[in-house]
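Visitor: Could you show me how to read a protein model, step by step?
Guide: Gladly. Let's look at it together.

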Amino acid sequence: MRPDGRKSDWLIDFWGTMKLSNRKLPLLDTLVPVATLVIAITTAASPAAGQGNAAGADVYKAKCATCHGQDGSGNTPVGKSLQVADLRSAAVQSKSDAELIQSVTEGKGNMPGFKGNITDDEIHAVVTFIRTFAGKGDSAPKKK
Ligand code: HEC
């Protein structure tokens, strides 16, 4: 309120702005869904982005599952004979990404190194992927 009793001008300004933005709305109405669509498409198309991590899953299936099993348990004939690590286990999951990347890159024990076989990006993606095994196995939810 202003001292002279008139309603302050803010209301008028407010309505002015509203009308202005109302006029802009049709444009926004088209722009927002289009932008959302574009974001959705780019996210889906870019392999390493998003929670889906299709690239990691593909690499895992192609390069790791023979030994480690689809579920990471290592319950495969090859896995058992090579004594693979249970990727669901706390022993593996408690390691840092850097350590796991190192093991996958350089190899460890009976596991061959994947350097030069798959790209560094693929190694990152597959390590991100094996995080999804955490807590899935019988041996996984051990208390620390
Ligand atoms: C030829 C069989 C074989 C293949 C293929 C294989 N691994 Fe392994 N992996 C092993 C064995 C054996 C171990 C246990 C090594 C040890 O601790 O001595 C292991 C251990 C691991 C570990 C635990 C490493 C650590 O630091 O404790 C991770 C993580 C892992 N593998 C990820 C992968 C990923 C990712 C791939 C695919 C890119 C893969 N492995 C492919 C046999 C394999």
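This is a predicted model: local features need pLDDT of at least 70, side-chain atom pairs count only at pLDDT 80 or more; totals for chains, interfaces and linings use all residues.

Visitor: How many helices and strands does the chain have?
Guide: There are 6 helices and 0 strands. Going along the sequence, you read the pattern α-α-α-α-α-α. The chain has 144 residues, and 19% of them count as buried.

Visitor: Which residues make up the largest nonpolar core?
Guide: That core has 12 residues in all: Ala55, Val59, Tyr60, Cys64, Leu100, Val104, Phe114, Ile123, Ala125, Val126, Val127 and Phe129. At least two residues come from each of helix 2 (54-68), helix 5 and helix 6.

Visitor: Which helix gives the most to this core?
Guide: Helix 6 does, with 5 residues.

Visitor: How do I read the packing of helix 5 and helix 6?
Guide: Here is the general idea: two packed helices are described by the angle between their axes and the distance between the axes. In our case, helix 5 (residues 97-106) and helix 6 (residues 120-130) pack at an angle of about 125°, and their axes are 10 Å apart. That angle makes helix 5 oblique to helix 6. The crossing of helix 5 past helix 6 is right-handed.

Visitor: Which residues make the contact?
Guide: On the helix 5 side, look for Asp97, Leu100, Ile101, Val104 and Thr105; on the helix 6 side, look for Ile123, His124, Val126 and Val127. Sorted by kind, the residues of this contact are 6 nonpolar, 2 polar and 1 charged.

Visitor: What is Leu100 in contact with, leaving aside its neighbours within four places in sequence?
Guide: Leu100 is then in contact with Lys95 and Val127. Leu100 and Val127 are also both in the largest nonpolar core.

Visitor: And what about contacts in the chain as a whole?
Guide: Take the contacts between residues at least 6 apart in sequence: 50% of these join residues at least 24 apart.

Technical notes. Residues are numbered from 1 along each chain as its sequence is written. Axes are lines fitted to C-alpha atoms, for helices over the stretch in contact, and angles run from 0 to 180 degrees between N-to-C directions. Helices (H or I, at least four residues) and strands (E, at least two) are DSSP runs, numbered from the N terminus. Angles under 35 degrees count as roughly parallel, over 145 as roughly antiparallel, 65 to 115 as roughly perpendicular and the rest as oblique. A crossing is left-handed if the near helix is turned anticlockwise from the far one by less than a right angle, and right-handed if clockwise. Two residues are in contact if their C-beta atoms, placed from the backbone, lie within 7 Å. Ala, Val, Leu, Ile, Met, Phe, Trp, Tyr, Cys and Pro count as nonpolar, Asp, Glu, Lys and Arg as charged, and the others, Gly among them, as polar. A residue is buried if 20 or more other C-beta atoms lie within 10 Å of its own, exposed if 12 or fewer, and partly exposed in between; C-beta atoms are placed from the backbone. A nonpolar core is a set of buried Ala, Val, Leu, Ile, Met, Phe, Trp, Tyr and Cys residues joined through C-beta atoms within 7 Å.
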